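Hi there,

Here is the structure I promised to pass on. Have a look at it first, and then read on for what I found.

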Amino acid sequence: MQNIWALQTEAQNTAPLETSLDVQPVSGALGAYVRGLDIASIDDAGLGELRSLLHRHKTVMLRGQSPELTHAAYAAFGRRLGELAIDPYVEPPIPEHPEIMGLVREADATHYNFGGDWHSDGSYLAQPGGLTVLWGKDIPPYGGDTIFSNMELAWEMLSPAFREMLDGRRCLHSATGLGTKKPIARKGDYAAINFGHELEVIEHFHPIRRTHPETGAHSLYVNQAYSVQIEGCTEDESAGILKFLFDWAASPALTCRMVWEPNTILIWDNRNTVHYAVGDYGGFRREMYRLAVTGEEPR
Ligand code: SIN
């Protein structure tokens, strides 16, 4: 069994990156608050630094963005990170930018909190999301944080015997996840659903040990929202193992809590993290704009 303290040190504190930016790690496990990077004017060098920061910290919050940031500049920044996905089930709030998804929760809303369970974006797709970008446009005065878990640490901290049992196995990820607790149709709760697009069940098998395509690091690739069945196991065996892995991934020492401020952009890597949108801001409005950078088939 690996030692969590040593692994945390490796994850967040190894030789400082060459950077002129103000970088403040958020927890021992992952996450950093970054100042000094303006997404509207970022150059290639800045983009390179951002990629290095994402490799190191896995999720970064870019503070101090311009209050004048436009949707066009936001989408243009997203395109510099990669190809942007368009969700066919959701009517875009800004028709000229169909790649921008609006996540708005009004102060008096009582419905399901979008993202309010541990997940990795679109893990049920053949090519799940790579990076996700979230722009906090209207932030509640408290609450509404986004919490993350470092799935590389989650993999490393498993015993060699348990890793050996999981290694080479695949898990089925389904869009209906959680035993259909919140099928895709529930999206109508938080965004204008496109009723013209027929609902379908999307599911794919992915390896439980995932290798990051850029860093080569291994991570545990299952998540509570969408991972439903381990290949080759009985339903009972699979349910027991997945329950253990979901609880394991939520261990506090593997997590960080990203706290929103106005004029902030959050970016995370879905390949080596899971995240959870905390629904604890009843009585306040929260308005976010989300971009999903297409990823690759997990290996
Ligand atoms: C998400 O899960 O994509 C949304 C996260 C958030 O709203 O904090």
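How far does a polar side-chain atom of threonine 146 lie from an oxygen atom of the ligand? The distance is 2.6 Å. Please keep in mind that this is a predicted model.

In histidine 275, a side-chain N or O atom is 3.0 Å from a ligand oxygen. For arginine 290, the distance from a polar side-chain atom to an oxygen atom of the ligand is 3.0 Å. As for how much of the ligand is covered, it exposes 260 Å² when taken alone, and the protein buries 99% of that. The space that the ligand takes up is the largest cavity.

Which elements give two or more residues to the shell around the ligand? They are strand 14 (273-277) and strand 15 (286-294). The residues around the ligand are Phe114, Gly115, His119, Leu134, Thr146, Trp268, His275, Ala277, Arg286 and Arg290. Sorted by class, this shell holds 4 nonpolar, 4 polar and 2 charged residues.

Strand 15 is also where you will find threonine 294. Is threonine 294 buried or partly exposed? With a relative accessible area of 31%, threonine 294 is partly exposed, because that value falls between the 20% and 50% cut-offs.

- Glutamate 99 belongs to the loop between helix 3 (71-81) and strand 4 (101-105). Its relative accessibility is 13%, so glutamate 99 counts as buried, the limit being under 20%. The side chain of glutamate 99 makes a polar contact of 2.9 Å with the side chain of arginine 79.
- Arginine 63 sits in the loop between strand 3 (59-62) and helix 3. Arginine 63 is buried too, because its relative accessible area of 7% is under 20%. Its side chain makes a polar contact with the side chain of threonine 264, at 3.4 Å.

If you open the model, you could begin with the ligand and the side chains of threonine 146, histidine 275 and arginine 290, each of which has a polar atom at the distance given above from a ligand oxygen. From there, the two loop residues, glutamate 99 and arginine 63, are worth a look.

Best wishes

Key
Residues numbered from 1 in each chain as written. Predicted model: local features only at pLDDT ≥ 70, side-chain atom pairs only at ≥ 80, totals over all residues. Heavy atoms only, no water. Near = heavy atom within 4 Å. Polar contact = N/O pair within 3.5 Å; in protein donor to acceptor, adjacent residues only side chain to side chain. Areas by Shrake-Rupley, 256 points an atom, 1.4 Å probe, with all protein chains shown as cover. 1 Å grid on protein atoms, 1.4 Å probe; cavity = no way out; pocket = protein on both sides within 12 Å on 5 of 7 lines; lining within 4 Å. Sits in = over half its atoms within 2 Å of the grid points. Helix = DSSP H or I, 4+ residues; strand = E, 2+ residues; numbered from the N terminus. Nonpolar A, V, L, I, M, F, W, Y, C, P; charged D, E, K, R; others polar. Buried < 20%, exposed > 50% of the residue type's maximum accessible area, 1.4 Å probe, protein only.
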